[in-house]
Amino acid sequence: MRRCFEGLHTRQVWTTISARGRADRGDSRSGSVPGRPSENGGVRAWAQIPSSIRNLRGGRMHSRYAPYPQRHRSRRSSGFTLVELVITVVVLAIIAAIAFPSFTTVQNSSRITSQVNSLVAGVQQARMEAVRLGRPVSVCRSTDGATCAGAGRWEQWLVLAPASGGQPAEVLQSARAHPSVQITSEVQQITFGSNGLARGADGGLLATTLTVCMPTTKPAENQRRLAIASGSRVSTTSIDGAGACP
């Protein structure tokens with residue numbers, strides 16, 4: 001019975017809306033769609049319907065003239081919460097703690113390798129310049145960047161063409177060791193003759209070594225040994241010095 005009653009009222013409402021709409025605009029044509037309100041008078045007719053009839057079955061009887069209820073969408077604010085920020089900082093700290101020792105090892109190894117390569121380049125340059133110039137050229141320890149010095153660590157070194165045959169001394173290259181790197185050698189000067197060979201104090205072909213070292217256990221192979229054999233052959237070797245330098 002209730003459904004029949006609601007259906008009857010609904011048909012009556014639409015009939016009333018349609019009739020009032022036609023009456024408002026003075027249109028009595030039969031071509032209108034039955035049971036639907038007209039464009040001109042429908043709005044006013046809808047407004048005149050009691051609210052008790054509009055709200056059938058506890059819901060809302062909608063027409064194209066009755067506005068639908070607005071939907072309010074909540075917008076979530078952007079950004080990070082305090083918990084998310086703390087978690088991010090903790091994760092970054094863990095990653096940094098793991099990566100820092102490896103970075104230190106790579107950095108120290110790079111410094112040692114760069115220093116020994118610089119020495120190798122100086123020795124090779126001295127040999128080639130001796131052949132090109134046709135006179136002796138030396139690689140030696142220096143303290144003033146202009147002349148060769150005596151015993152001590154190679155904190156600075158030169159590629160020097162000494163005065164010979166009326167020609168003045170000429171500094172071909174000057175280099176300085178990194179403060180954290182120590183360079184030691186059995187000799188303080190390596191001199192190549194015009195034939196490209198280096199000889200020792202006894203006149204024989206030179207066989208000596210230079211050691212580039214950093215007092216650290218990171219990396220484990222903290223020493224690079226530059227060896228000169230047969231007066232001209234140059235080679236390098238990595239050595240585990242257990243964190244100590246000679």
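Select Arg135 to begin: at 7% relative accessibility, this residue counts as buried, where buried means under 20% relative accessible area, exposed over 50%, and partly exposed in between (1.4 Å probe, protein chains only). The model is predicted, so local features need pLDDT of at least 70 and side-chain atom pairs count only at pLDDT 80 or more, while totals for chains, interfaces and linings use all residues. Residues are numbered from 1 along each chain as its sequence is written, and side-chain values use heavy atoms, with hydrogens and water left out.

Arg135 is placed in the loop between α4 and β1; helices (H or I, at least four residues) and strands (E, at least two) are DSSP runs, numbered from the N terminus. Display next the residues in contact with Arg135, contact meaning heavy atoms within 4.5 Å. Not counting residues up to four places away in sequence, Arg135 touches, among others, Ala130, Ala161, Gln167, Glu170, Phe192 and Ser194. A polar atom of the Arg135 side chain lies 3.1 Å from the backbone oxygen of Pro162.

Now move to the largest nonpolar core, which has 26 residues. Such a core is a set of buried Ala, Val, Leu, Ile, Met, Phe, Trp, Tyr and Cys residues joined through side-chain atoms within 4.5 Å. Select Leu119, Trp157 and Ile183, the residues with the most contacts inside this core. Among the elements that give two or more residues to the core are α4 (82–133), β1 (137–141) and β2 (156–161); α4 gives the most, with seven residues. Centre the view on Ile183: leaving aside neighbours within four places in sequence, Ile183 is in contact with Gln115, Leu119, Arg153, Trp154, Trp157, Ala177, Thr211 and Val212.

The cysteines come next. A disulfide is taken as a pair of cysteine sulfur atoms within 2.5 Å, and by this rule the count comes to two. Select Cys140 and Cys148, whose sulfur atoms are 1.9 Å apart in a disulfide. This link is left-handed, with -75° about the S-S bond. Cys140 is buried, at a relative accessible area of 0%, whereas Cys148 is partly exposed, at 27%.

Finally, select Cys213 and Cys245, joined by a disulfide (S to S 1.9 Å). Cys213 lies in strand β6 and Cys245 in the segment after β8 (233–239), so the pair ties together parts that are 32 residues apart in sequence. The torsion about their S-S bond is about -85°, so this disulfide is left-handed. Cys213 counts as buried at 1% relative accessibility, while Cys245 is partly exposed, with a relative accessible area of 24%. With bonded cysteines counted along the chain, the disulfides follow the pattern 1-2, 3-4.

How values were computed
A polar contact is a pair of N or O atoms within 3.5 Å; within protein, one must be able to donate a hydrogen and the other to accept it, and residues adjacent in sequence count only if both atoms are side-chain atoms.
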